[in-house]
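This report goes through a few local features of one model.

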Amino acid sequence: MSNLIDRLVCENLKALKPYESARRIFAGGDSDSETWLNANESPFSNDFDINTAHFNRYPDCQPPSVLLPYAQYAGVQAEQLLISRGADEGIELLIRTFCTPSRDNILICPPTYGMYAISAETCNVGIEKAPLNADFSLDLPAIFSYRGKVNLVFICSPNNPTGTSIGKQQLTQVLAHFSDSALVVVDEAYIEFDANNTWATELANYPNLVVLRTLSKAFALAGLRCGFTIANSEVIQSIMKVIAPYPVPEPVAQIAAQALSSNGLKQMSEQVEYLQQQKQWMKRQLSQFPELQLVGDDKANFILFRHPQKQPLMDYLVANAVLIRDQSKQINLDNCLRITLGTQQQNEKLLALMASFFTQQEKSA
């Protein structure tokens, strides 16, 4: 059987290393003894009602109960919106729709979210890279050099894992530069933590603009797998040609609709505000640790920091059932760890362990 699989599997997949999600690195996450601050999830678990009356029927491809309220929330028209199985599927759909395998390329700006490259590789689409500047702004000359060489330009803003938002002037220049050659995809998975910098309402000004959104972060619905692609109607119509027939399961639609109700939006806003306050408090506490350097910015629901004792600290936290994310393999992020903001109790537990670790380090020095 192994010989058969080796012979049949696509050539471009044979050397592909799958995306190392937080759950692949540390399986589980249900134990009360573990504190999970490694996947940029919300620490809140909200209640929803489910009606099973229609579970025997195939669901709507694009359920109006979700499409219409999210369009209103995002400030766009319904024909400018597409619902998918998380923003991850939106990434893949864009690549499948607008890139021809073995011929076309995408452009990414690392350090950034890893699924842009993984999705391109699985589709046998090339990957060009224009790394961010030292301050995590866009390297515009490098990006501009790829005009006519790429079909999609992926820009994460706020960026994972640096927490930085791309300036309006820079993004405007990128959109103009690729206006007749590529779609510019702005990934706004964390936009509720930097709401004033959304690009969703700029579609009329930039026909080649695409925005990705999700319910996984601020809406505390990572387990739901519900995301959105926002673009001009011609882009949406093209993606609809390749999307699966039933991408939004009935239970997902029901829960998403409740999350997008007036009460759901109010709850989301309150939880975002809570996390924003925790973030500022956490930054003050972290800055007191010796040799710890905060990295990037704070426009999302996580904090990135650098420390020369990165690996011993990470090992100590894992041994004590507190999990954060190692980002040191990414370009210009040597010795960097990322903390997802949790509840105050979870954050205090992490800080207490870090204080214990550094105290032990001082005693053994």
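## Threonine 340

Is threonine 340 buried or exposed? In this predicted model, threonine 340 has a relative accessible area of 1% and is buried, since the cut-off for that class is under 20%.

Threonine 340 belongs to strand S13, which covers residues 336–340. Leaving aside residues up to four places away in sequence, threonine 340 touches Leu37, Asn38, Ala39, Asn40, Glu41, Asn301, Phe302 and Asn347. Proline 249 lies 91 residues from threonine 340 in sequence, and the C-alpha to C-alpha separation of the two is 28 Å.

## Helix H5

Helix H5 spans residues 115–122, and six of its eight residues are buried, so the helix is largely enclosed by the rest of the structure. The buried residues of H5 are Met115, Tyr116, Ala117, Ile118, Ser119 and Ala120.

What do the buried residues of H5 pack against? Their partners are helix H4 (86–98) and the strands S3 (105–108), S4 (126–129), S5 (152–156) and S6 (183–187). Just after H5 comes asparagine 124, with a positive phi of about 60°.

## Packing of H11 and H12

Helix H11 (residues 310–319) packs with helix H12 (residues 344–364) at an angle of about 130°, and their axes are 10 Å apart. H11 and H12 are therefore oblique to each other, because an angle over 145 degrees would be needed to count as roughly antiparallel. The crossing of the two helices, H11 and H12, is right-handed.

On the H11 side, the contact is made by Pro312, Leu313, Tyr316 and Leu317. These meet Leu350, Leu353, Met354, Ser356, Phe357, Phe358 and Gln360 in H12. Sorted by class, the contact of H11 with H12 comprises nine nonpolar residues, two polar ones and no charged ones. As background, an α-helix has 3.6 residues a turn, so residues three or four places apart point the same way.

## Cysteines

How many disulfides are there? The count is zero, a pair of cysteine sulfur atoms being counted as a disulfide within 2.5 Å. Cysteine 61 is in no disulfide, and the nearest cysteine sulfur, that of cysteine 226, is 12 Å away. Likewise, cysteine 226 is in no disulfide, with the sulfur of cysteine 61 as its nearest cysteine sulfur.

As for accessibility, cysteine 61 is partly exposed, with a relative accessible area of 25%. Cysteine 226 has a relative accessibility of 1% and counts as buried.

Conventions: Residues are numbered from 1 along each chain as its sequence is written. This is a predicted model: local features need pLDDT of at least 70, side-chain atom pairs count only at pLDDT 80 or more; totals for chains, interfaces and linings use all residues. Side-chain values use heavy atoms; hydrogens and water are left out. Buried means under 20% relative accessible area, exposed over 50%, partly exposed in between (1.4 Å probe, protein chains only). Axes are lines fitted to C-alpha atoms, for helices over the stretch in contact, and angles run from 0 to 180 degrees between N-to-C directions. Helices (H or I, at least four residues) and strands (E, at least two) are DSSP runs, numbered from the N terminus. Angles under 35 degrees count as roughly parallel, over 145 as roughly antiparallel, 65 to 115 as roughly perpendicular and the rest as oblique. A crossing is left-handed if the near helix is turned anticlockwise from the far one by less than a right angle, and right-handed if clockwise. Contact means heavy atoms within 4.5 Å. Ala, Val, Leu, Ile, Met, Phe, Trp, Tyr, Cys and Pro count as nonpolar, Asp, Glu, Lys and Arg as charged, and the others, Gly among them, as polar.
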